[in-house]
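Have a look at the model first, then try each task before you read its solution.

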Amino acid sequence: MPDESAPVVVEFVVAAGKKEQARGWARVADATVVETGEGAPSDPADVTFTATPADAAALHDGTLDLTVGFMRGQVKMSGDFG
């Protein structure tokens, strides 16, 4: 069973088609964001979310919920689904 208290690295990619426009990441421990950064994380991401620029903006300003965006196919996810 995985250690639930171990930090998780979440990566966010903004891309239009196959052209990446931005990348950032967050390290989450005990349901709290403990570190963030721009570009690729120093450790491999446990999970990566990818969205278009418009959908990323909607996620950022709160008009699109991440779960809803994922279920609609607006936000793609790769990595550990657990």
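**Exercise 1.** Find which residue in strand 2 is the bridge partner of Glu11.

Solution. Step one: in strand 2, Glu11 has Trp25 as its bridge partner. Step two: zoom out to the strands (DSSP runs of E, at least two residues, numbered from the N terminus). Strand 1 pairs with strand 2 (residues 19-29) in the antiparallel sense, over 9 bridges; to pair, two strands need at least two bridges found by DSSP. Step three: check the hairpin of these strands, where 2 residues sit between them and Gly17 takes a positive phi near 65°.

A quick note on the ground rules: this is a predicted model, with local features needing pLDDT of at least 70 and side-chain atom pairs counting only at pLDDT 80 or more, while totals for chains, interfaces and linings use all residues. Residues are numbered from 1 along each chain as its sequence is written, and side-chain values use heavy atoms, leaving out hydrogens and water.

**Exercise 2.** Work out in which sense strand 1 and strand 4 pair, parallel or antiparallel.

Solution. Strand 1 and strand 4 run in the parallel sense, with 5 bridges. Within strand 4, Phe49 is the bridge partner of Phe12.

**Exercise 3.** Count the aromatic pairs.

Solution. Step one: Phe, Tyr and Trp rings (six-membered for Trp) pair with centres within 6.5 Å; planes under 30 degrees apart are stacked, over 60 edge-to-face, the rest tilted. Step two: that rule gives 1 aromatic pair. Step three: Phe12 and Phe49 are stacked, 6.0 Å centre to centre with 20° between the planes.

How values were computed: Helix = DSSP H or I, 4+ residues; strand = E, 2+ residues; numbered from the N terminus.
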